[in-house]
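Please read the points below alongside the sequence and the model. They cover the metal sites, the sheet and the pockets, in that order.

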Amino acid sequence: MLTDYHVHLRPDEDDTPAERFFTPDNAGRYRTAAEEQGIAELGVAEHVYRFSAALDVWEHPFWHQWARDDIDAYCGFVREETDLRLGIEADFIAGREDQMANLLDAREWDFVVGSVHFLREHSIDTEDYSVWGAGESPDKVWRRYFETVAESAMSGLYDVIAHPDLVKVWGDQAPRPDRDLRFFYEPAVEAFAEAGIAVEVSTAGLRKPVGEIYPALPYLDMVVDAGCPIALSSDAHLPAHLGFGYEQALELLGEVGITELAVFEGRTRRMEPIG
Ligand SMILES: [Zn+2]
Ligand SMILES: [Zn+2]
């Protein structure tokens, strides 16, 4: 069985209001595209920062710019007007764990995807507020990124850790450390194993400057050796992104000996054969 859970019903662009994208017609377009790709398990995971409730968690100017929608209206729409699994992509903001727990625990998700997009005030994957504008060495940025990913896994807030080496997103457009990258992966993998959390294999990196699946093969090897369950998603922001690059992802999963994928319902995980 193929899954696509980390899916957004709209692009990360201005003029993408909930009323235009949180509709049964739009959900139907995603369902149809998933069927064409042989994806049976389909969920949605909107960015938490697009909901006004996120401002109770964190008040970063980037969140202020985006936080508009009613989170309960989103949950109600997905539950009542679609046949999709209900999830959310909730940023890990160090020091704001209790506030995020309050937001998440008040709603009944099928799954919660945890993402590290920010190191303190600095963004990993947007040009605004970029971590690469702060003059830090690549070693320091990578070390802090993977330590933060480890913290996110141990926080107990999440079912899946998304795009677990997002820090590489810019490819050679950003500085990269020279040393063996496994040095950076290690604390994250240890935390995944200890937390018993699922790790996302995401094809979104294929659509980004890095042009590579998250996580990199040596990292995935470590994750698999540590016995962590694998979740598969495209991080689609359009119906056409669903299952994007899955052929390549399945080849990669085959190479490391993965035969089962994590499936979620009511925040309970089970493993299903890829088939
Ligand atoms: Zn993300
Ligand atoms: Zn996403």
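1. Basis. This is a predicted model, in which local features need pLDDT of at least 70 and side-chain atom pairs count only at pLDDT 80 or more, while totals for chains, interfaces and linings use all residues. Residues are numbered from 1 along each chain as its sequence is written, chains are lettered from A and ligands numbered from 1 in the order in which they are written, and side-chain values use heavy atoms, with hydrogens and water left out.

2. Zinc ion (ligand 2). His6 (NE2), His8 (NE2), Glu89 (OE) and Asp235 (OD) coordinate the zinc ion (ligand 2) at 2.1 to 2.2 Å. Donors here are N, O and S atoms within 2.8 Å of the metal (3.2 Å for Na, K and Ca); water is not among the atoms, so sites may look incomplete. Along the chain, the spacing of these donors is H-x1-H-x80-E-x145-D. The angles among the 4 donor atoms run from 84 to 166°, and the site is irregular. For reference, four donors count as tetrahedral if all angles lie between 85 and 135 degrees; four count as square planar and six as octahedral if opposite donors are over 155 degrees apart and all others between 65 and 115; anything else is irregular.

3. Zinc ion (ligand 1). The zinc ion (ligand 1) is coordinated by Glu89 (OE), His117 (NE2) and His163 (NE2), at 2.1 to 2.2 Å. The donor spacing is E-x27-H-x45-H. Glutamate 89 in strand β3 and histidine 117 in the loop between β4 and β5 are 28 residues apart, a pair that links distant parts of the chain. Helices (H or I, at least four residues) and strands (E, at least two) are DSSP runs, numbered from the N terminus.

4. The bridge. Which residue bridges the zinc ion (ligand 1) and the zinc ion (ligand 2)? Glutamate 89 does, and the two ions lie 3.6 Å apart.

5. Glutamate 89 counts as buried because its relative accessibility is 0%; buried means under 20% relative accessible area, exposed over 50%, partly exposed in between (1.4 Å probe, protein chains only). Histidine 6, at 0%, is also buried, as are histidine 8 at 1% and histidine 117 at 7%.

6. Sheet. An open sheet of 7 strands has the order β1-β2-β3-β4-β7-β8-β9, with parallel pairing. β1 (2-4) and β9 (230-233) are at the edges with a single partner strand each, so one side of each has no neighbour in the sheet. Two strands pair if DSSP finds at least two bridges between them. Strands β4 (residues 111-115) and β7 (residues 160-161) run parallel and are joined by 2 bridges; glycine 114 stands opposite isoleucine 161 in β7.

7. Largest pocket. The largest pocket holds about 440 Å³ of space. It is lined by 21 residues, and Asp12, Tyr49, Asp125, Thr126 and Lys208 are the closest to its centre. The elements giving two or more residues to this lining are α3 (61-66) and β3 (85-91). On a 1 Å grid over the protein atoms alone, a pocket is an open set of points where a 1.4 Å probe fits, with protein on both sides within 12 Å along at least five of seven lines; lining residues have an atom within 4 Å of a point.

8. Second largest pocket. The volume of the second largest pocket is about 190 Å³, a volume being the space filled by probe spheres set on the grid points, which are joined across faces, edges and corners. Its lining includes Trp58, Phe92, Arg144 and Glu151. The largest share, 3 residues, comes from α6.
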